[in-house]
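Here are a few notes to read alongside the structure. Take the points one at a time and find each place in the viewer as you go.

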Amino acid sequence: MQPIGEVERVVEGVYQLKLPVPFPLKFIASYLVEGRDGWTVIDPGFDYPPAREAWESGAAKVGLDLDCGVERIVVTHLHPDHIGLARWLEERSGAPVWMLEGEIENARHVWDPARGTEGFVRFLIRNGMNAETAKSTAGTTRLGIRLPERLIPLRPGDTFELGDGEVRVVHTPGHSDFHFVLHDERRRFLFAGDHLLLKITPNIGRWTYTAPRPLERYLASLRELQGLGVDLVFPGHGPLFHDLDGRIDELVLHHEERLSVMHSAFDGKPATPFEIARRVFADDLTDHQLRFALAETLAHLEYLVGEDRAERLEGDVVGYRAV
Ligand SMILES: [Zn+2]
């Protein structure tokens, strides 16, 4: 496996460029697929100078001319480590950017430069965070990513030629509402974005802009991928892997365990989502990590309510009770 910043051929016609990111995930994997009419780039990475440098040297190494060799840029979901460099690469190459239809709308909302953090602060406080922590965690929000000018909407079930194969767009909500993966049935490949990772579990959270029940939708979309006959998974972070069905089983089990941990964390009394998050996540989380812990907790509590294992108590500050 190549070091971060380097590119390597992973199968015939598919290269993996490991782009650095300025946070603990270490790298985002961008996939470069050579086709008859140019290259397809899947997830162009996080926008900061070290990643742009890795792009320049990586592209040169595989013989991809960034000025005229890119046919299209595909973005699996709106998170900044995936969509961040899409605008830069669009400007650099002239290639259009493809995303799932609903994700384009969400990206325009989430990355709207006029959107402040007030709504997010209210959301955090309403879920039990104290005002001071809410302000400092909201203060770590990235604002106003420059979106590409040409965003071409994809729909679930669409197919297109990718390198020597053909891929089908599969909507896989959960980590993001309109996240999608690309399935190459003949070559038995799955370009998985952040839907399935091998060493870590993707964050499934309820945010101000997420549709209800992300965990339920995530687990359903995982089960839909089971039995697809995939032999090789290309994830957005961490190593490539082979056993798709086995990893799906592990991820489902992980969330079942987290659901029972949260259910027991109530200890017979009502609690706010933030109180539950503090009980079930590590003590040493940074302000930036606290928001992910809270969003993940909310997704699980909502799921417990759907299963009649918890009850939501409305108020200025929301509470939950295990039943
Ligand atoms: Zn993501």
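1. The largest nonpolar core has 89 residues, and those with the most contacts inside it are Ile73, Leu190, Phe191 and Leu294. A nonpolar core here is a set of buried Ala, Val, Leu, Ile, Met, Phe, Trp, Tyr and Cys residues joined through C-beta atoms within 7 Å. A residue is buried if 20 or more other C-beta atoms lie within 10 Å of its own, exposed if 12 or fewer, and partly exposed in between, with C-beta atoms placed from the backbone. Helix H10 (residues 287-306) gives the most to this core, with 9 residues.

2. A word on what you are looking at. This is a predicted model, in which local features need pLDDT of at least 70 and side-chain atom pairs count only at pLDDT 80 or more, while totals for chains, interfaces and linings use all residues. Residues are numbered from 1 along each chain as its sequence is written.

3. Now zoom in on Leu190. Which residues does leucine 190 touch, not counting residues up to four places away in sequence? They are Val181, His183, Val230, Val233, Phe234 and Leu244. Two residues are in contact if their C-beta atoms, placed from the backbone, lie within 7 Å.

4. Next, the chain as a whole. It has 10 helices and 14 strands; helices (H or I, at least four residues) and strands (E, at least two) are DSSP runs, numbered from the N terminus. The radius of gyration of the chain is 20 Å, close to the 20 Å that the globule rule gives for 323 residues, so the chain is as compact as a globular protein of that length. That radius is taken over C-alpha atoms, and the globule rule is 2.2 Å times the number of residues to the power 0.38. Buried residues make up 44% of the 323 residues.

5. Back to H10 and a partner. The axes of helix H9 (residues 273-280) and H10 come within 9 Å and cross at roughly 110 degrees. That makes H9 roughly perpendicular to H10. Axes are lines fitted to C-alpha atoms, for helices over the stretch in contact, and angles run from 0 to 180 degrees between N-to-C directions. Angles under 35 degrees count as roughly parallel, over 145 as roughly antiparallel, 65 to 115 as roughly perpendicular and the rest as oblique. On the H10 side, the residues making the contact include Leu294 and Leu298.

6. Helix H7 (residues 214-225) also packs with H10, at an angle of about 85 degrees and with the axes 7 Å apart. H7 is therefore roughly perpendicular to H10. Pro214, Leu215 and Glu216 of H7 meet Ala299, His300, Glu302, Tyr303 and Gly306 of H10.

7. Which is aspartate 43, buried or exposed? With 28 C-beta neighbours inside 10 Å, aspartate 43 counts as buried. It lies in the loop between strand E4 (38-42) and helix H1 (49-62), and has a positive phi of about 60 degrees although it is not a glycine. Lysine 26 has a positive phi too, of about 75 degrees, but lysine 26 is exposed, with 11 other C-beta atoms within 10 Å.

8. Finally, look at proline 156, in the loop between strand E7 (151-154) and strand E8 (159-162). Proline 156 is partly exposed, with 14 other C-beta atoms within 10 Å. Leaving aside neighbours within four places in sequence, proline 156 is in contact with Val169, Val170 and His171.
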